[in-house]
Amino acid sequence: MTLRAYRRFFVVAYQFLPLLFAYARDRNRFLLFGPSRTVTSETRRERARSLLDSMLRLGPTFIKLGQLLSTRPDVLPPEYIDEFERLQDDVPPAPWEEAKQVLEGDLGPVEATFDDFEPTAISGASLGQVYVAEYEGRQVAVKIRRPGIEALVEADLRVIRWSLPLLMRFVDETRSFSLETLADEFDRVIRQEMDYERERRMLEEIGENLADEPRVRVPNAVPELSTRRVLTMEYVRGTKISELTDLDALGVDRTALARTLQEAYLQMIIEDGVFHADPHPGNLAVQDDGTIVFYDFGMSGRVDPFIQEKIVEFYMAIARQDTDEILDTLVEMGTLSPQADREVMSNVMELAIADARGEDIEQYRVQQIIQQVEDTIYEFPLRLPPNLALVLRVATVVEGVCVTLDPEFDFIEVATDYLRQQGFIEESARGYVEDRAEEVRDLGESLVRVPPKLEDTLDRVNRGDLTVEVALSDEERTLQQQTKRLVLGALLASTIVSSAVLYAFATLEASLVTVAFSTVLAFLLWRAFKERRGIRTQPQFTRQNLRERREE
């Protein structure tokens, strides 16, 4: 195993060294000295294509690595993300005789296990390949792990570990941390994808969660013919979701199809907490009646309750176009650095929301924001915790599929409607009202506590225990005015609480009486604050005063 890893190390180095050499010259034009070089967006895109070609040549492990990197904008610039998102896990299958050895090693002779078996694979992926067979009178799909893939993956994982110290020299401190966490995550993810028993459990759990949704179909697993290297499930035919001409020929409503897909993923992520994480068109099909079929659950993930709650808040903030709340939610999830330039990020969010809604955006505005992003955001990059990276990838890919189905698709509107139908928005509104009621109650308590404290403070002033440099004009009238405001404020707070209680537990007429009284008190309180009497103070330290003192 170690010898194979050494050989792979030199193969990988041969593929990547030219690119690393170019990165080194970006820092120092003459490698060890010299000024840094400016790298244009087009140059980054060319390098991304070159890196993508290298990953394809290196085989299954690096294809999976490229797919994982496409979910990490905190590690790579956007040009690389765009190129890697096109990476499809579609490679020629291994010869049948080799795959047959794996199958029979786990299930026994093919002829004795299946009624019929088609030796030509219907699809080939980097880690496995799928065949069609007959079992107990029904068609099944048999997914077999690619022969010899375990040894290759183990060797490549060692190479990646050995290469990390070298890569660290070409990135800053923030990205070096991201690379280390990415290596750990990749090790875990690729081992999970090779474990077909885990995939079967995820398929069954997601299928059970979506069982009541007639517009969605998840194939049933065949546990007795499934192992760590072989997964057998029912074979469900369908038209590839990106074949628009064929879908139109079937008379399928593509707008309804896009909405169904979006809502299915919202349910998986927000409600169920377990989701299919590889929604590219090759894993989505449509039956003649418009039902969406999900394939390949090797890449799947879970969402903890805290992240689910924050995703709901994020969608609601987007629906309200409240960029401050959007940024606060991203910070709370650990996705955005608290030190990020909020003004720049707010502009980015406004542009992204407008683009998602299909609004016309002036070109100069786009250029202006792009310039701001290039100047600042790369210094404070997005940080994606592992449990959010897959969610981000899913959201991006699903949106792309939906827009392909319907160019006018508005995922914000669909998400808002879904949250409203499921009761999330009403619950949040109720929580908002409860929060405001608690604030009013706290205000009432404060108004009760403040007068005694104010009186005590004024007594200390009279005794000379407290020295405050303040000028009071017409002291008696001023104190009367402040007392009047406190009393009116306390009465207003109590009537507001009374109105809420009467509205909730009594009649509407009774609550209207207190509302009317509250309105009168609010007017009197407003009028009291409008009167130009009260405490007057003279600031002791203004910029002008400080300037004069420095000159003296």
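This is a predicted model: local features need pLDDT of at least 70, side-chain atom pairs count only at pLDDT 80 or more; totals for chains, interfaces and linings use all residues.
Seven strands and helices, namely β2 (123-124), β3 (128-135), β4 (138-145), α9 (196-209), β6 (230-234), β7 (239-240) and β9 (284-286), each supply at least two residues of the lining of the second largest pocket.

**The pocket**

The second largest pocket holds about 860 Å³ of space. Its lining is made up of 38 residues. If you want to find the centre, look for S123, V130, G282, N283 and Y295, which lie nearest to it. Which element gives the largest share of the lining? That is β3, with 3 residues.

**Two residues with a positive phi**

Stay with β3 for a moment and follow the chain into the loop between β3 and β4, where you will find E136. Its phi is near 50 degrees, a positive value in a residue other than glycine. Most residues other than glycine have a negative phi. D296 also has a positive phi, near 60 degrees, and sits in the loop between β10 (292-294) and β11 (300-302). Are these residues buried or exposed? E136 is exposed, because its relative accessible area of 57% is over the 50% cut-off. D296, at 24%, counts as partly exposed.

**From surface to interior**

| Residue | Relative accessible area | Class |
|---|---|---|
| E136 | 57% | exposed |
| P95 | 49% | partly exposed |
| L524 | 35% | partly exposed |
| D296 | 24% | partly exposed |
| I353 | 7% | buried |

P95 belongs to the loop between α4 (78-84) and α5 (96-107). Although P95 and T120 are 25 residues apart in sequence, their C-alpha atoms are 9.0 Å apart in space.

L524 is part of helix α20 (residues 508-530). Together with V520, F523 and W526, L524 makes a nonpolar surface patch of about 400 Å².

I353 takes us to the buried end of the table. You can find I353 in helix α14 (residues 342-356). Why does I353 count as buried? Its relative accessibility is 7%, and buried means under 20%, so I353 falls into that class. Which residues does I353 touch, leaving aside neighbours within four places in sequence? The contacts are I318, Q321, I326 and I412. One of these, I318, is 35 residues away along the chain, yet the C-alpha atoms of I353 and I318 are separated by 7.1 Å.

Technical notes
Residues are numbered from 1 along each chain as its sequence is written. Side-chain values use heavy atoms; hydrogens and water are left out. Patches are made of residues with over 30% relative accessible area and no salt bridge: like charges are joined within 9 Å, nonpolar side chains (Val, Leu, Ile, Met, Phe, Trp, Tyr) within 5 Å. Accessible areas come from the Shrake-Rupley method with a 1.4 Å probe; for residues, only the protein chains shown count as cover. A salt bridge is a side-chain nitrogen of Lys or Arg within 4 Å of a carboxyl oxygen of Asp or Glu. Helices (H or I, at least four residues) and strands (E, at least two) are DSSP runs, numbered from the N terminus. Buried means under 20% relative accessible area, exposed over 50%, partly exposed in between (1.4 Å probe, protein chains only). Contact means heavy atoms within 4.5 Å. On a 1 Å grid over the protein atoms alone, a cavity is a set of points where a 1.4 Å probe fits but cannot get out, and a pocket is an open set with protein on both sides within 12 Å along at least five of seven lines; lining residues have an atom within 4 Å of a point. Grid points are joined across faces, edges and corners, and a volume is the space filled by probe spheres set on the points.
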